[in-house]
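Hi,

Here is the structure I promised to pass on to you. Have a look at it first, and my notes follow below.

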Amino acid sequence: MTELIKKTAAELAAAVTAGEASAVEITREHLDRIAAVDGEVRAFLHVAADDALAQARAVDQRRAEGEPLGPLAGVPVAVKDLFATVGMPTTCGSKILEGWRPPYESTVTRRLRDAGAVLIGKTNMDEFAMGSSTENSGYGPSRNPWDLSKVPGGSSGGSAAAVAAYQAPLALGTDTGGSIRQPASVCGIVGTKPTYGGNSRYGVVAFASSLDTPGPFGRTVLDTALLHAAMSGHDPMDSTSIDAPVPAVVEAARHGDVAGLRIGIVSEFSGDGYQPGVMARFTEAVELLESLGAKVTEISCPHFKYALPAYYLIAPSEASSNLARFDGMRYGLRDGRGSAEEVMATSRAAGFGPEVKRRIMLGAYALSSGYYDAYYGKAQQVRTLIIRDFDAAFGQVDVLVSPVTPTTAFPIGERADDPMAMYLADLCTIPTDLAGNAAISVPCGLADEDALPVGLQVMAPPLADDRLYRVAAAVEAALTGRWGHPLLDEARGLAR
Amino acid sequence: MTVTYEAALQKYEPVFGLETHVELGTVTKMFCGCTTTFGAEPNTQTCPVCLGLPGALPAVNERAIEYAIKIGLALNCSIASWCRFARKNYFYPDMPKNFQISQYDEPLCTDGYLDVAIGGKTVRVGIERVHLEEDTGKSLHVGGSTGRIQGAEYSLVDYNRAGIPLVEIVTKPVPGAGFLAPEVARAYVTELRDVLRTLNVSDVRMEEGSMRCDVNTSVTLIGSGTWGTRTETKNVNSLRSVERAVRSEVARQAEVLDAGGRVIQETRHFHEDSGVTTSGRSKEEAQDYRYFPEPDLVPVAPDADWVKSIAASLPELPSARRARLIEAWSLSELEFEALRNAGALDAVEATVAEGASPVDARKWWLGELARRANDAGIEVSDLPITPADVARVAALVAAGTLNDRLARQVIDGVLDEEGTPDEIVAARGLAVVSDDSALTGAIDDAIAANPDVAEKIRGGKPQAAGVLVGAVMKATRGQADAAKVKELILERLA
């Protein structure tokens with residue numbers, strides 16, 4: 001592994017800005033790394049080698065001409081394959097969009113290009129972001145760099161795996177029910193689900209509109225904050241985007257400090273189904289926070305137990321409508337003959353995988369006349385109760401903490417035929433998606449049973465994303481100090 | 001059909017309701033920045049948003065909200081202080097997202113009315129709701145005989161129309177119109193069109209599809225106190241068709257009921273050529289649209305002050321104008337309707353403003369000019385003559401410079417674009433010969449040529465003067481004032 005690949009995004013951008021490294025050289029080394037390891041990790045659906053080098057040359061050109069460089073100058077970023085990107089295909093991990101090249105750019109990726117980032121390729125994901133393992137990808141699963149027999153989490157599993165395997169220092173994901181935090185947790189990296197509306201969804205292929213949140217992955221808290229800051233901000237093209245200043249996440253990441261901070265442990269997130277090694281690391285992390293000066297209390301959020309069922313009504317309902325446009329008429333896979341109706345039906349039958357079909361059926365049923373009030377309507381009421389639980393909790397504490405996911409990375413294939421078991425992976429992350437507030441996953445050690453990474457989840461009120469970084473930076477600094485090296489250095493396999 | 005409309009009305013009470021879709025005349029579409037010009041090359045006015053490309057998101061056009069509020073206020077509706085868009089889900093190739101962004105149980109405007117004058121009385125048509133939605137693309141079915149999708153070889157879709165803002169204006173059921181139901185339905189659509197035109201929110205051209213009507217009709221036994229099953233007739237694309245569709249559907253339903261059958265709740269298709277409706281898909285097997293609040297848009301919450309300022313800026317509405325003009329011009333309701341139906345209201349009012357009397361202005365626009373427009377197959381307002389021209393012609397007649405026959409020649413000149421009335425009078429030498437001395441010679445000649453007639457007049461028979469007047473008019477090529485000529489003849493022979 002070369003020196004450049006081991007560097008953080010912050011270091012790379014500084015080196016490019018100072019002229020100590022060229023964007024082209026950095027991009028080449030990452031492309032080499034991808035070529036070396038991605039046959040096994042399978043993080044990427046598309047490696048944009050030529051395009052990335054062209055972007056890198058443009059950054060170097062700007063520097064040569066003395067023009068100002070962005071905060072991510074020359075830093076490669078891997079992009080989850082549901083951001084519309086000009087010059088690269090966008091498949092959403094689905095056969096129905098195989099080969100589709102968007103004629104327009106998502107707001108988030110355009111902002112990253114403007115910030116000097118080099119979009120290096122598109123990463124694997126559960127089809128249309130529906131899943132927690134990437135096993136629902138139409139193009140086969142990605143693998144966890146810590147242990148290639150394990151899943152990298154999902155749905156943004158390709159992005160998490162790419163960062164953990166040093167194929168890119170940063171990656172973009174989206175979080176709808178935990179799709180950034182859970183893969184970050186099981187891959188031993190940092191991932192943030194920002195406040196809903198803090199990042200534009202324009203050009204992000206929708207799974208569940210009221211939940212989908214673009215967010216950053218990085219190997220360090222500061223790197224993650226740098227990407228978070230570069231991608232965020234109001235966008236008039238997205239009506240649900242918040243017109244407010246971006247929280248000072250980079251500043252917070254530079255000054256980890258929890259002295260005097262009030263931290264609440266969500267009491268509902270423990271007990272049956274939680275792996276002992278996960279709970280052990282979580283408990284230690286809380287003790288660590290207390291030793292750093294935080295005031296820790298236990299907080300009950302009584303409606304969180306209804307979050308999972310509410311989510312599995314709201315998300316599929318919205319998905320059933322969002323995915324209606326994939327009908328073979330205008331773009332993507334077209335199959336079948338005869339009437340328009342027949343072509344639509346045949347194309348959808350051929351193009352969508354089983355989990356997508358399951359959720360479309362669930363959603364169409366939940367929205368149907370006569371059932372709306374009992375299902376979608378009721379789920380929205382539960383959502384309101386969950387928001388109230390958060391409001392009440394944040395009246396007493398500054399942040400909430402919990403494990404990110406009940407277990408470490410599970411074996412590929414283990415839950416593939418058991419949707420309910422798969423859904424439980426998002427138990428702790430879903431309330432934040434339903435309420436629209438912010439949360440982060442930061443590594444807090446390895447589980448004793450399997451030596452696989454465990455993540456600590458920190459949750460903050462809407463638009464208080466900076467608090468996440470303040471806490472995560474403190475945890476990172478203390479734990480890295482204790483271990484004597486970053487957690488990823490413990491990885492046995494490709495991460496080294 | 002064996003049961004006529006007239007026979008049906010002996011036994012049944014008709015009830016109708018209308019759902020009218022109106023394309024708003026905004027410069028850009030409902031949820032994106034594409035232009036809305038009619039008739040552009042297919043698929044040239046599109047973008048990722050109105051094509052529903054994966055990842056694209058809608059953003060509300062504020063101007064469309066403003067227009068819809070204007071319409072709601074003009075129709076005496078309450079304007080919601082908070083409402084939402086909803087998705088109406090169904091699959092059709094001309095709908096890019098396979099759902100339409102519309103409004104469902106939270107419309108922008110509710111519970112209003114529109115007063116419709118008909119045959120000298122006023123019928124109040126209740127307005128259930130006015131809501132906003134996006135239009136679909138337009139399908140062209142190629143290869144079939146009917147132009148419909150059934151039997152077509154292939155279909156082409158033009159997405160230029162997709163995303164154009166539409167308002168849907170839904171009436172409450174209108175009972176009690178009795179025999180006049182078809183005419184009331186037509187008068188309602190006419191009045192609505194006038195209101196929308198006055199508000200300047202749409203070009204309301206039914207022939208171009210910027211205003212489209214669905215007609216709901218039911219019949220019930222007179223005095224039964226119950227409501228019949230309604231049908232929804234689509235493809236009703238002219239004012240005349242609205243009337244014919246109600247008439248035909250009432251007769252058809254009466255025939256079904258008379259034969260012991262029951263009316264099926266269904267969508268029916270109106271045929272312009274035959275004037276009858278045929279069955280479309282049955283509502284009983286209709287699709288479930290799975291409405292739910294549009295999660296890509298935030299709720300619309302019009303500020304109360306904004307609504308107030310819109311209300312304050314509304315122009316004079318047709319009903320107020322009707323009352324004002326009937327009063328000012330001393331018209332009967334029927335005279336007013338004749339003017340409105342001729343499409344001559346604006347022209348007459350402008351002509352009066354240019355100084356003509358209301359009687360003269362109406363006479364010219366409803367008479368000579370209406371005839372010319374009719375001959376040319378155009379609207380009276382499209383004639384190449386201005387209200388100022390007409391007022392000037394009327395003034396020349398009133399001053400005795402022109403008689404009616406000469407005035408018509410002047411109008412010919414204006415329509416042929418020869419110039420202003422004064423220029424044409426001068427160029428064609430059309431002024432009435434009113435100089436007494438210029439007429440004296442012609443009168444002397446006429447008397448000399450008709451001594452017997454002159455004798456009769458002298459003998460106390462002034463009605464014989466017509467012959468002499470005719471001779472003088474002939475001699476002056478019509479450019480004399482006949483009344484003046486007669487007066488001079490009688491003086492001479494007194």
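Let me start with a question: which residues does A:Ala472 touch, not counting residues up to four places away in sequence? They are A:Val190, A:Val221, A:Ile440, A:Val442 and A:Val458, where two residues are in contact if their C-beta atoms, placed from the backbone, lie within 7 Å.

A word on conventions before the rest. This is a predicted model, in which local features need pLDDT of at least 70 and side-chain atom pairs count only at pLDDT 80 or more, while totals for chains, interfaces and linings use all residues. Residues are numbered from 1 along each chain as its sequence is written, and chains are lettered from A and ligands numbered from 1 in the order in which they are written.

**The cores**

A:Ala472 belongs to the largest nonpolar core, which has 242 residues; together with A:Val77 and A:Val458, A:Ala472 touches the most other members. A nonpolar core here is a set of buried Ala, Val, Leu, Ile, Met, Phe, Trp, Tyr and Cys residues joined through C-beta atoms within 7 Å. Buried means that 20 or more other C-beta atoms lie within 10 Å of a residue's own, exposed means 12 or fewer, and partly exposed is in between, again with C-beta atoms placed from the backbone. Chain B takes part as well: helix H3 (residues 181-199) of chain B gives the most to this core, with nine residues. A second, separate core has 46 residues, and B:Leu339, B:Val397, B:Leu402 and B:Met473 are included in it. As background, nonpolar side chains tend to be buried together in soluble globular proteins.

**Chain B as a whole**

Chain B has 16 helices and 14 strands; these are DSSP runs (H or I of at least four residues for helices, E of at least two for strands), numbered from the N terminus. How does its radius of gyration stand against the globule rule, and what is the value? Chain B has 30 Å, whereas a compact globule of 494 residues would be near 23 Å; the radius is taken over C-alpha atoms, and the rule is 2.2 Å times the number of residues to the power 0.38. The box filled by the C-alpha atoms of chain B, taken along the principal axes, is roughly 95 × 55 × 50 Å. Of the 494 residues in chain B, 43% are buried.

Where the chains meet, 26 residues of chain B are in contact with 33 residues of chain A. The chain B side has 16 nonpolar, five polar and five charged residues, counting Ala, Val, Leu, Ile, Met, Phe, Trp, Tyr, Cys and Pro as nonpolar, Asp, Glu, Lys and Arg as charged, and the others, Gly among them, as polar.

Helix H10 (residues 387-398) of chain B has 12 residues and spans 16 Å from first C-alpha to last, close to the 16 Å expected; the expected span is 1.5 Å times one less than the number of residues. Nine of the 12 residues of H10(B) are buried, among them B:Asp389, B:Arg392 and B:Val397. The buried residues of H10(B) pack against helices H8 (345-353), H9 (358-376), H11 (404-415) and H12 (421-428) of chain B. After H10(B) comes B:Gly400, with a positive phi near 85°.

In chain A, helix H17 (residues 465-483) has 19 residues and reaches 27 Å, close to the 27 Å expected. A:Gly484 follows H17(A), and its phi is positive, near 85°.

**Backbone spots to look at**

Most residues other than glycine have a negative phi, and most peptide bonds are trans. B:Asn43 has a positive phi of about 60° and is found in the loop between strand E1 (12-23) and helix H2 (62-74) of chain B. B:Asn235, with phi near 65°, lies in strand E11 (residues 231-236) of chain B. In chain A, the peptide bond from A:Gly154 to A:Ser155 is cis, with omega near 5°. A:Ser155 is found in the loop between strand E3 (118-123) and helix H6 (157-164) of chain A.

Best wishes
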